[in-house]
Amino acid sequence: WGAAQRMGMVWLTADSSDNIPQHFWAYLLAALRQGVSLPCTGAGRLLLSTPTASSDLLALLANEIAAAREPIALVLDNYQAIEAEPIHAAVASLLQYAPPNLHLVIATRSALPLARLRSRNQLWELGPRDLACDDATAAQLLTAQVPGLPPALSAQINAGLEGWAAGLRMTAFALANHNDPSTWSQTVFHSQRTLQKYLATEVLDRQPADIQQFLTRTAVVEHLCAPLCAALLEEDTTQSQAELLLEQLATQNLFVAALDPEGRWYRCHALLLQLLLQRLAAAEPHTVPLLHQRASRWYHGAGLWKEAIEQALLANNQARAVDLVAALAETLVRQGAADALCRWVARLPDDLLAGCSPHPAAARAGLQQCAPLPDTPMRYPILNPPPGAPPVPLSRGWLQSRQRVEGGGSTGDRAR
């Protein structure tokens with residue numbers, strides 16, 4: 001890219017040991033000397049006598065860059081490792097002194113205080129969505145290493161990785177070592193373990209213990225919001241703390257992304273979510289059903305009935321699932337979602353369905369009449385039937401006819 005732009009490239013990858021200002025600027029000057037043969041004589045001498053980056057040093061450095069005349073792209077990679085405020089302040093000052101031929105590129109997981117540049121339209125920001133590969137780019141990257149890779153498999157890999165470029169590259173390397181096309185699908189499956197190890201060592205294990213616990217215990221739900229996280233963690237985290245943590249994780253691009261502009265709902269990357277669930281099941285197996293129970297209660301209170309039922313089933317709390325299904329049955333039928341109702345009822349035992357707690361008659365009848373049972377009628381008592389009325393039959397035929405009445409036309413295929 002630098003060659004195509006006829007631009008000199010200077011690359012400095014930071015780590016935690018670079019938080020001493022004198023070390024950071026010494027490495028930066030060395031990178032300039034190596035990358036674009038910039039002498040940095042004056043700035044180098046001044047740095048020897050000044051432990052921090054003074055305004056005089058930054059002015060000298062800016063002048064030496066300007067004297068080079070050629071466009072220079074200075075890349076500060078892994079900048080989230082820098083936590084020293086004096087370095088942040090000096091980098092901000094360098095931007096103020098920057099000559100027109102200097103282009104500063106900061107690659108970081110953390111947001112930077114660059115409001116002034118943003119207001120002047122002098123800032124170009126690229127986030128995870130901008131950097132995610134589409135299917136065409138992913139196919140180009142993968143087939144460069146694995147010629148002949150089927151487009152469908154390439155698209156499947158990219159969907160699973162959600163466009164993550166580093167993950168695509170590692171998968172490509174894994175596939176390149178297996179020339180037999182018949183093994184490619186299995187190789188992709190095994191490469192996910194390698195990617196999860198990468199996420200564990202490079203992302204998750206580097207986080208403080210409270211962040212790791214927060215991510216692990218909230219992994220039982222696919223989408224996160226502050227009230228739901230607080231309900232899952234109960235006394236460990238308040239709603240305001242959960243809100244701050246979610247915003248922090250998304251801002252630092254730790255494979256957690258906001259789903260709406262207001263930042264109310266978030267989600268983890270699919271690979272990270274799988275890793276978190278594995279860790280939770282291994283370290284706290286007794287906690288998993290409890291967390292699903294808490295999630296079900298919160299979803300119920302928030303009016304998210306479908307999620308409440310799914311979480312009750314995941315918690316193996318069949319009695320609660322039956323109560324929720326019974327309360328929602330008639331509404332689902334009227335909304336044309338009887339297929340979802342059928343799937344839930346099929347996962348519940350008949351004895352609980354027969355003796356579920358009372359609900360309004362219409363809802364109870366909806367549950368009884370919509371169960372995906374064979375065409376041979378089965379009978380459960382409905383709530384408060386009229387004197388002498390026969391029990392309501394449970395049959396697939398009734399369900400199909402009810403769907404035609406509610407939704408119009410035949411939906412028998414969907415019911416199956």
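Does Tyr299 count as buried or exposed, and at what relative accessibility? Tyr299 counts as buried because its relative accessibility is 6%, where buried means under 20% relative accessible area, exposed over 50% and partly exposed in between, with a 1.4 Å probe and protein chains only. The model is predicted: local features need pLDDT of at least 70, side-chain atom pairs count only at pLDDT 80 or more, and totals for chains, interfaces and linings use all residues. Residues are numbered from 1 along each chain as its sequence is written, and side-chain values use heavy atoms, with hydrogens and water left out.

**Parallel strands**

- Strands (E, at least two residues) and helices (H or I, at least four) are DSSP runs numbered from the N terminus, and two strands pair if DSSP finds at least two bridges between them.
- Strands of a sheet pair through backbone hydrogen bonds, either parallel or antiparallel.
- Strand β2 (residues 72-77) is largely enclosed by the rest of the structure, because five of its six residues are buried.
- Six bridges link β2 to strand β1 (residues 8-13) in the parallel sense, and Leu12 stands opposite Leu76 of β2.
- β2 also runs parallel to strand β3 (residues 102-106), joined by five bridges; Val75 has Val105 in β3 as its bridge partner.
- From β2 the chain crosses through helix α4 (residues 85-97) to β3, a β-α-β crossover that is right-handed, meaning that with the strands pointing away from the viewer the path from the first strand over the helix to the second runs clockwise.

**Antiparallel sheet**

- Three strands in the order β4-β6-β5 make up an open sheet with antiparallel pairing.
- The edges are β4 (223-224) and β5 (256-258); each has a single partner strand, so one side of each is left without a neighbour in the sheet.
- Three bridges hold the antiparallel pairing of β5 with strand β6 (residues 266-268), and Ala258 has Tyr266 in β6 as its bridge partner.

**Aromatic pairs**

- Rings of Phe, Tyr and Trp (its six-membered ring) pair if their centres lie within 6.5 Å; planes under 30 degrees apart count as stacked, over 60 as edge-to-face and the rest as tilted.
- Five aromatic pairs are counted by this rule.
- Phe24 and Trp25 form an edge-to-face pair, at 5.2 Å centre to centre with 85° between the planes, and both residues are buried.
- Trp298 and Tyr299 are also an edge-to-face pair, with centres 5.6 Å apart and planes at 70°.
- One aromatic cluster is formed by Trp164, Tyr198 and Phe255.
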